[in-house]
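Me: I am new to this structure and would like to learn how to read a few of its features. Please show it to me first.

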Amino acid sequence: MKLIEDMLVIRYLTMPNGRFEFFSPAIEQLIGVPAETLTGDSGWQRLPSGYDESQSTSFQKLIHPDERDRVGEILMKARQEVSFFGFEYRLINSEQREIWIFEEGCFHEDAEGHIRLEGSILNIQNWKQTEIVNRVLYQISNAVNTTQDLEALYASIHSALGEILNVDSFYIAIYNELKDRICFPFNTDSKGEYKSNVIENASKSSSLTWEIIHTKQPKLLNEQEQKQQAKKMGGPLLGNASRQWLGVPLLVRERVIGAMVTQSYKDPHLYTSKEIDIMTSVSDQIAMAIDRRKALEDLKKRELQLKALYSISNATLVSPALDDLFQKVLDSLWPVIDIMDFTIALYDKERDELTFPYSTDPEAKSLRIEAASRSSSITYQVIKEGRTLILDKTEQTELITSLGGKIYGRSSESWVGVPLVAKDGIIGVIISQNYAEPNKYDDAYVEMLQLVSEQIVLSLERRKTDMDLRLARDELEQRVRERTLELAKINRELKAEISFRKITEEKLIVAKQQAEEANQAKSEFLANISHELRTPMHHILNYTRMGQQKIGSIGDDKLKHYFTQSNTSGKRLMRLLDDLLDISRLEAGKMHYEMQLNDVREIAEHTIAELSYVFIEKSIEVKIIESDADTKAVCDAFRIGQVLQNLLDNAIKYTPNGKKVTLEFLEEKNALTGNRYLKTIITDQGIGIPEDELDSVFDKFTQSSRTKTGAGGTGLGLPICQEIIRGHHGFIRIKNHEKEGTISIFSIPHASVD
């Protein structure tokens, strides 16, 4: 029996009634369940008196649900025929992981004529895993030879890996060492490390993907380890942290071409060292496949580029008209690069004029920019700087704003301009735009346009001798352009009229929405004020009632507690009533201020002292940051204290226990008026305010959606603060801290202002 127990092959034997009579102890190593607790479907083995049957496990329940019917059919057939059997299937172990096994055995009659089952189980998980990995590698190899482009190859790789791993959140990253750039050509992870398709200066980033590429080593990180790794690299974690992150480098002959990453946002134990081994074992083949396919695509692109350049070169010799030439240039480029909008701009230096003789955009063809060097034309900036410009939508707007002008034509998501450089200087620009995709243009795209620009310049210089013949035609075209401009003006006026009516309609809709929001705010205010008034009133009544009932039966300390609680609730009630009176006075313009020279820091210290019991209760540290600022200002001490109390009360109310609130005083000077101001800054580490609600925080009766959780309030505190600061000829604003919490800032003049 000891010899059988030590065998790696798991043996079992059943009794005539089907219950297990014996199971090798090695079964526990396979499925994590002791042999003595295994039973059949109906409690197969006889259990001793007092044995807890809840501790037993049905072997059939360990069989993978997809396999149970097949296993049952095979065993039933072997039982009927009293024959041998052997087949493979999957079990689910105690850690809920699949294990492939091979089971063989036979049904036979014993000496008493009873049918018994005797068999053995062999763990074939490693062999099966190798078989699956080899099949996946074959699929990837086949995809390399059959797919037409890299994008399809990436999808095929993802699909193949899905047979052996959970790759629901998966991406492939490719690294350009020369440009220190990581791009993400395939990504199924909507929450992942990079929301854009490229990251520049990768070696200086806190990217987990860069760490894989840099170290050439795989990594399996949990949520905390991801944050620690990013911090170690000198920056915050990019994107959302996952419960588990697994990445392996893609190596071709010790050269890193990128990385392959899969992650889980739900299961922190989805991947183990086994998954690292699987990913690593296929990464070399995947890297070689990607590298070969990329090299093949680059070769095909180069062939297409050469064909396009030959076609363009031929067109420059045979095309009699520029329009025909430019159209043939565009026709030759389409098979090579994805061109959505294509324009040729020519520059007349003597006239300082830009014209657009060819464009796929009809509006651009009629455009003429006079005094181009003084205009806000982006096209002229290419000529002025003498180099290629690649701009996204934001960069276009910033450039035009810096030039103090307007956008000519439509604004695009991506814009590239390549100068046409002739012997005597720059004579024009090739422009390509994309109105749908940002970051559209890569180096290969720009390189192709630069090669085309050389051919166009050669053709334009040959045609320069024909300019005299074209002048007469240009005069006629000028008349047409003038008429077109008149039509364009009429069209703009019609558009302006339509736009005016549309704006009027939108204003009516906005007014309706504002009225509905005001009504909603009123309803919420009435509900809030009812709650806010009733709560302290209940406290006062309850504590006074208990005091009356227990006079003479309790000590002075207890009575003092009752009076203190009643007093606190009374102050809270009085503050609510004061807010209502203050807002009424402010709206009626009857708020009176007693303006005197006061030390705002002393007012703040007094306010902090009044609220100290709340700070202590929530373990919040309140600190005034030391500075050299002059904290004296002409103000109403009571009203400024009211502002400080409201802002500090909000900071306390929405800051978690154990955090910090700081006050800081700074001096600033208005560059236009020369007036000196005292700026007070209150910073907390609370929950912050939604960005889309920041503009409405000073609206009466309005509360942030994040504060409607039982924290209380009437929505009057900040509006009252705003009116008081305005009454002091100052300014107040609320903004979110870039990391966490809210920053409240108000400034009042040092001296009185008439």
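Me: Where in the chain is His-729 found?

Reply: This is a predicted model. In it, His-729 lies in the loop between helix H20 (717-727) and strand S25 (731-736).

Me: How should I read the phi of His-729?

Reply: As a general idea, most residues other than glycine have a negative phi. His-729 is not glycine, yet its phi is positive, near 60 degrees.

Me: What is the relative accessible area of His-729, and how is it classed?

Reply: The relative accessible area is 36%. Values under 20% count as buried and values over 50% as exposed, with partly exposed in between. His-729 is therefore partly exposed.

Me: What is the phi of Lys-216, and where is the place of this residue?

Reply: Lys-216 has a positive phi near 60 degrees and is likewise a residue other than glycine. Its place is in the loop between helix H7 (208-215) and strand S11 (219-222). With 35% relative accessibility, Lys-216 counts as partly exposed.

Me: How many helices and strands does the chain have, and what share of its residues is buried?

Reply: The chain has 20 helices and 26 strands. Of its 754 residues, 42% are buried.

Me: What pLDDT does the chain average?

Reply: The average pLDDT is 80, and 82% of the residues score at least 70. Over residues 1-7 the pLDDT is below 50, and this stretch has six contacts in the model beyond near neighbours in sequence. Residues 41-55 also have a pLDDT below 50, with 21 contacts beyond near neighbours in sequence.

Notes. Residues numbered from 1 in each chain as written. Predicted model: local features only at pLDDT ≥ 70, side-chain atom pairs only at ≥ 80, totals over all residues. Heavy atoms only, no water. Helix = DSSP H or I, 4+ residues; strand = E, 2+ residues; numbered from the N terminus. Buried < 20%, exposed > 50% of the residue type's maximum accessible area, 1.4 Å probe, protein only. pLDDT = per-residue confidence, 0-100. Contact = heavy atoms within 4.5 Å.
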